[in-house]
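Subject: The structure you asked about

Hi there,

Here is the structure for you to open alongside this message. Have a look at it first, and then read on for what turned up.

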Amino acid sequence: MIDFTFTEEQELFRKAAREFAETKIAPQVQNMEKTNRGWDEVVKELAEAEMFAVTIPVEYGGLGMGYVARMIATEEIARISVATAMMYQVFGLGFEPFIKFGTEEQKKKYLPKFATGEQLATVAVTEPSGGSDPKGCSTRYKKMNGSYILNGRKCFITNSHIADAQVILAVDEENPEAFTTFIVEKGMEGFKPTHEEHKVGMRGCNTGEIEMKNVSVPAENVIGGEGKGLKVAMACIGDVGRGGMVGIAMGLQQACLEAAVKFSNERILYNKPISNLQTIQNKIAEMKIDLEAGRLLGYRAAAMQDKGGRTSNEFAVAKYFTTEAVQKAAKMAVDIHGGYGCMEEFPVTRYLRDSFVVGPSAGTSDIMKVIIARWALS
Amino acid sequence: MILNIIVCVKAVPDPRVADKLKIDPVTKSLPRLDIPLVINSLDSHALEAALQLKKKYETQITILCMGPPLAGNVVRECLALGADKGILLTDRAFAGADAFATAYTLAKAIEKNGPVDVVFCGMASSDGATEWVGPEIATFLGLPVVTMVREIVEDQGLDWIVNADFQGGYRKVKLKLPAVLTVTRKINQPKALSFSGIIKARSKEITEWNREKLDIPADRVGLKGSPTHVTDMTDLDSRREVEILEGSLQEKVERLVQILCDAGAV
């Protein structure tokens, strides 16, 4: 039989994550919204709460709690701050190449520092030409005197300006079929974050561009083996990047539902709360149905991931479903708020803006359908 | 020397959803439905007081909780927060216990557990709020008790000094261990759960004891062992009153000052 229940420990973990988000992250949200900054403060809080250690194996200083636990944490953070959850999930994405493909030396060098938050990580694949077709990547490398020289530009990179180590996908200048991932560290000559994005939502989440001009990367910074870069990038993005977005979408759906329930129970019309109106109940029911269904898809995929299998396809389904659902949920939450839904004092306006950014992150719904169709047709 | 600390913890309905609790008009009881159980807020201060001592001395912190099997989650949470072991007193025979029967059962468990130096309790529970359980445990154990402790001033050796709330002020009390202390919120700020604490709790033991294990006669526990009974319960109808001040600015200010003075706020 399938057991759909969380373990006692996972329930406790959710409680801890929720308390953390409500007490440590919630007070930062206003500043993040106002300034499109505040990441230093939330990163410090995430580190103190051992959030970065969740998926890192115990032997490298982590907690080894797995991907269901990561999804719980991401969901609970997103319920309070999607911007923080986005940075958090991409830090986890950044750790993944080290966990799954790193050499023993790379694991020992980086993972203990990632676990404590002393160093931060990200993955950089997307370029101005797009991110869903990594073979279209134009960041190039060439071998020279035992090192690799990187040139190119990446964009829409979450944590671009704050990550200490970035796993960057590049193509061999001399062989357009050979892709390799490199660990590029902050401070390497010729490497720098450049433009910072101003997104419609997720304000306070660091997103921007990075530039590489003749960056010399030592051979020991190749991760996953030369010519294996596509496998590294796609496995991490497909399993962990998509999974993170599912957690974010579910947390934001929960926030939308809670806001809609609260407002509709308090707002009086015709001498009764508007939650008595069938049209409002219809919206709330749809939000609840989508959330419950999304959780089944998302946590099923995460549970499979904990068993060690590839879950890119399962997460493509979950990502499609939940990120579409959250855009619907945010719109309905705003609708239920009526005129108040246009006022920034009410968090639903933020939820609506954030939901737009959740959609395309880690692959649009259209791309998810391409992946799902390939899976079904294969 | 190891300081043996017992922290008495009650699993109470989650106050965040307590508005769903409705008095049964027939039985005059509070059916708990599926409202989750959480640690009684004041008991988390009691646990934190014990954890503060753990930072300074070699201690063994034992959580003692009487409740339904689901209360085991609350005990597990206490272990995740840093306690060393847990004892859950669970038996259908314990149901319906008043403060007296509860304190008697807890005292018997403390005796069975072995030597104790300090028993910490929250000053009151959020659902019963009698404030009797701590003092009654002390009575059954023949130990001194200080209620409403807001600060532990001196905790070296067996001679302690504590400050305890008293009629708008506080009293400084000298006591000799072993003793029972009930604490207020002022004593500390409980720490949040940590993920590593949750993992460490995996290897910590929770022991379950029933009435037979405690060797207590059936007529000393639960409803049968309770000399007090709740005979009635009513909902409180609390309403906010709004008074809109009229007149000139000066008149409104004078009226506001008068209202604040009458309310004892100024």
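How many bridges join strand β1 (residues 121-124) of chain A to β4(A), and do these strands run parallel or antiparallel? There are four bridges, and the two strands run parallel. Before going further, please keep in mind that this is a predicted model.

**The strands around β4**

I started with β4 of chain A, which covers residues 165-172. This strand is mostly covered, with seven of its eight residues buried.

A:Ala170 has A:Thr180 in β5(A) as its bridge partner.

**Chain A as a whole**

Stepping back, chain A contains ten helices and ten strands. Its radius of gyration is 21 Å, close to the 21 Å that the globule rule gives for 378 residues, so chain A is as compact as a globular protein of that length. The C-alpha trace spans about 80 × 50 × 40 Å along the principal axes of chain A. Of the 378 residues in chain A, 52% are buried. Contacts between residues 24 or more positions apart make up 75% of those in chain A with a separation of 6 or more.

**Domains**

Chain A is divided into domain 1 (8-119), domain 2 (122-227) and domain 3 (231-377). I looked at how domain 1 of chain A meets domain 3 of chain A. Their C-alpha centres lie 20 Å apart, and 21 residues of domain 1 of chain A are in contact with 26 residues of domain 3 of chain A.

On the domain 1 side, α3 (67-80) and α4 (82-101) of chain A each supply at least two residues. The largest share comes from α4(A), with ten residues. Sorted by class, that side of domain 1 of chain A has eleven nonpolar, four polar and six charged residues.

**Between the chains, and the core**

What does each chain bring to the contact between A and B? Chain A contributes 14 residues and chain B eleven residues. On the chain A side, eight of these residues are nonpolar, one is polar and five are charged.

The largest nonpolar core has 198 residues. The members that touch the most others are A:Cys256, A:Ala333, B:Val7, B:Leu64, B:Cys65 and B:Phe120. Helix α6 (residues 229-266) of chain A gives the most to this core, with 19 residues.

Leaving aside residues up to four places away in sequence, B:Val7 touches B:Ala46, B:Leu47, B:Ala50, B:Ile61, B:Ile63, B:Leu64, B:Ala83 and B:Phe120.

Happy browsing, and do write back with any questions.

Best wishes

Technical notes: Residues numbered from 1 in each chain as written. Chains lettered and ligands numbered in written order. Predicted model: local features only at pLDDT ≥ 70, side-chain atom pairs only at ≥ 80, totals over all residues. Contact = placed C-beta atoms within 7 Å. Nonpolar A, V, L, I, M, F, W, Y, C, P; charged D, E, K, R; others polar. Domains from an automatic or database assignment. Buried ≥ 20, exposed ≤ 12 C-beta atoms within 10 Å, placed from the backbone. Pairing = 2+ DSSP bridges. Rg over C-alpha atoms; globule rule 2.2 N^0.38 Å. Core = buried A, V, L, I, M, F, W, Y, C linked by C-beta atoms within 7 Å.
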